[in-house]
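Please look over the structure shown here together with the report that accompanies it.

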Amino acid sequence: MAVTESAPLPAASETWHRLSFTGSGKEYFGIWIVNILLTIITVGIYSAWAKVRRNRYFYGNTVLLGRAFEYHAKGMQIFIGRIIVFAYLIIYNVLLTVVPLVGIGMAVLILFFIPWLVMRGLRFSARVTSYRNVRFNFVGGVGGAFLAFLVGPILAALTLGILAPLASRWMYRYIGNNMRYGTKAFTTNPGLGAIYKTWFLSALIILLGLLIIGFVLFINMSVLFAVIDNPQAIPPELHAALITMGVIGYLVVLVSFGIAALVYRAGVRNIAWSSSVFDGAHPLKSDLSRAGYVWITISNLIVTLLTLGLMRPWAAVRMARYVNTHTAVRFSGDVGEVFAVAEKDGSAVGAEFMSYEGFDFGF
Amino acid sequence: MKASILAFDSRIIAEGEWHPANSSLSVVARLIETSTGLVVERVSTGEPLASGSQRAIEISSRVGSIPRRVHFSDASLFETTDNEAIDRLLSRSGRRGTGFVHGLERFHPRLIALVVATFLLAGLVYRYALPVLVEVAVAVTPPVVPKIMSVSTLETMDRTMLSPSRLDAAKQREISEGFARIAALSTRGLAGYSLNFREGGAIGPNAFALPDGTLVLTDELVKLADGDDEMIIGVLAHEIGHVELEHSLRQIYRAAGTAGLIMMLAGDVGSSMEDLLVQGAGFWRCPIRARRKPPPIAIPWN
């Protein structure tokens with residue numbers, strides 16, 4: 001190979017190379033407010049270009065081994081993709097109301113349309129992402145998307161979340177096993193037992209929330225029975241108390257489900273990433289602390305609400321930094337050689353393989 | 001200095017790394033501007049790696065301070081973190097317009113004005129543009145749409161919550177007659193409405209209107225009125241008002257419009273914030289809107 005003097009890469013390593021995030025809330029603030037302002041002024045049209053600038057900022061500041069990732073999508077691609085989906089949904093809804101029978105036919109069609117859309121979205125997102133001048137690719141089919149993004153969530157919902165780990169496993173396997181860097185494959189196989197362990201913690205959190213509500217109801221039992229016996233005889237002050245109780249109950253449910261979902265999400269991410277291997281030899285790792293992830297998400301939300309959204313850029317950067325620094329890869333052997341091999345195969349996806357329409361609904 | 005390319009009128013633009021086409025291997029290189037265009041050369045030997053005229057070269061636009069990409073026509077790539085140098089090169093070659101958005105985005109007191117403008121515009125859109133859009137949507141909706149919506153809604157409710165009325169026929173006739181008198185006063189006339197009696201079950205003492213003029217009155221409400229027919233007719237008049245003003249259709253479009261507006265900004269507000277906003281909009285909009293505008297048709301009966 002004529003190219004001898006490559007830029008410095010760490011030699012061999014048994015160490016984990018972590019991602020880092022080099023952006024700042026201050027810098028992102030300008031990008032963010034201009035995105036929103038131009039989106040409003042252009043009645044939403046600019047949102048496709050806004051997405052490109054946002055993603056370019058976040059990918060371009062995600063750094064591994066001193067080099068950043070890159071996002072290559074063009075605003076027009078995303079805009080066309082959105083127009084197509086929007087048009088389909090309008091036609092679907094009009095037909096559904098005007099000619100219900102055709103609408104039912106289209107509902108069956110949409111059952112296949114959604115997985116196809118998800119598949120195309122994942123493929124688009126992968127192909128517009130590159131690292132060290134080599135693009136990612138996604139080779140999953142519609143069948144896998146149907147199982148992972150339609151059957152899985154429906155099954156999880158029907159069983160009140162008991163089969164959610166199965167759905168998570170399908171989803172991560174579908175994404176992880178079909179992801180390519182150049183022509184090199186990733187493999188993922190998150191263990192069901194491990195996912196159930198983290199699921200169990202979330203189930204306990206929900207149970208705790210329900211117990212608190214049950215306890216509150218229990219100590220107010222006498223009042224409640226009186227109300228059920230004779231609904232008309234509620235004094236106004238008791239009325240207010242009942243409403244307060246209802247609101248508190250609602251909040252407890254909301255908070256416990258929210259925390260349970262966040263704990264689960266972080267736990268499953270750790271398991272899935274840590275069971276992933278690049279090119280059969282280089283393991284990936286995610287080691288988010290579940291408490292840390294919950295804390296950052298919730299404090300981000302509170303700070304964003306209290307500042308009427310103005311601290312959102314800071315919150316987004318804070319989350320990106322946290323997630324990146326807890327994501328790592330370990331290259332077995334010489335890192336330079338790993339990339340030299342990737343180079344020989346060339347990139348599977350060049351710009352010419354790009355579709356002109358960008359369905360960006362994948363993730 | 002390497003004599004090979006660096007003639008009198010060449011100058012070094014930036015240091016960075018160069019990739020051959022589709023390759024992850026990189027070479028420490030520098031970008032040089034010459035009289036004919038741009039050239040990338042290997043730092044250690046001065047060997048030229050890629051070149052092209054400024055027109056044939058694509059330079060990525062600036063976002064924050066992420067690395068800039070210089071694409072050559074042979075698909076090779078030069079990458080540098082020296083954004084300032086690339087900006088100077090672009091402005092020298094007259095490509096000023098490309099940096100407009102980045103210029104707005106830079107951290108600068110001007111951003112305060114942008115924040116104020118954003119809040120003002122968002123408020124204006126919500127207050128004025130959204131209602132106009134809702135009116136347009138209502139105007140173009142063919143009458144068959146509310147008809148079908150109403151039929152399927154009543155069917156669903158009959159199957160899930162409502163059951164046949166157990167009021168005696170005389171009472172039903174009494175209420176129907178009172179209803180006919182006020183319905184005749186409405187712009188749609190008596191033919192525009194149909195009154196249905198149902199046992200409310202989970203929805204309890206209640207009366208509601210569907211957009212096509214189908215009104216439903218529950219037995220529980222009749223019992224609650226305790227013989228006060230005037231009160232029931234008043235409630236029905238109120239429901240007629242909702243239909244006359246096309247409130248349910250407006251509410252649906254309004255909710256859809258609000259959700260659409262929020263979704264367009266989804267990536268910028270974050271997913272948890274988006275959930276909160278969409279849910280919140282669904283929650284507080286309906287009751288307040290319905291209460292704030294009392295339907296005028298109820299007035300003659302008060």
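## Chain A as a whole

The model is predicted. Chain A holds twelve helices and eleven strands, and of its 363 residues 46% are buried. When contacts between residues at least 6 apart in sequence are considered, 72% of those in chain A join residues at least 24 apart. The accessible surface of chain A amounts to about 17,600 Å², and carbon and sulfur atoms account for 73% of that surface.

## Helices α1 and α11 of chain A

Helix α1(A), residues 25–41, and helix α11(A), residues 312–325, have axes that come within 8 Å and cross at roughly 125°.

On the α1(A) side, A:Gly25, A:Tyr28, A:Phe29 and A:Trp32 take part in the contact, where they meet A:Arg312, A:Pro313, A:Trp314, A:Ala316 and A:Val317 of α11(A). By class, the residues of this contact comprise seven nonpolar, one polar and one charged.

## A loop residue of chain B

In chain B, the loop between β6 (68–71) and β7 (77–80) contains B:Ser73. This serine counts as exposed because its relative accessibility is 63%, the cut-off being over 50%. B:Ser73 and B:Ser51 lie 22 residues apart along the chain, and their C-alpha atoms are separated by 8.5 Å.

Definitions and conventions. Residues numbered from 1 in each chain as written. Chains lettered and ligands numbered in written order. Predicted model: local features only at pLDDT ≥ 70, side-chain atom pairs only at ≥ 80, totals over all residues. Heavy atoms only, no water. Helix = DSSP H or I, 4+ residues; strand = E, 2+ residues; numbered from the N terminus. Buried < 20%, exposed > 50% of the residue type's maximum accessible area, 1.4 Å probe, protein only. Contact = heavy atoms within 4.5 Å. Areas by Shrake-Rupley, 256 points an atom, 1.4 Å probe, with all protein chains shown as cover. Axes fitted to C-alpha atoms, helices over the stretch in contact; angles between N-to-C directions. Nonpolar A, V, L, I, M, F, W, Y, C, P; charged D, E, K, R; others polar.
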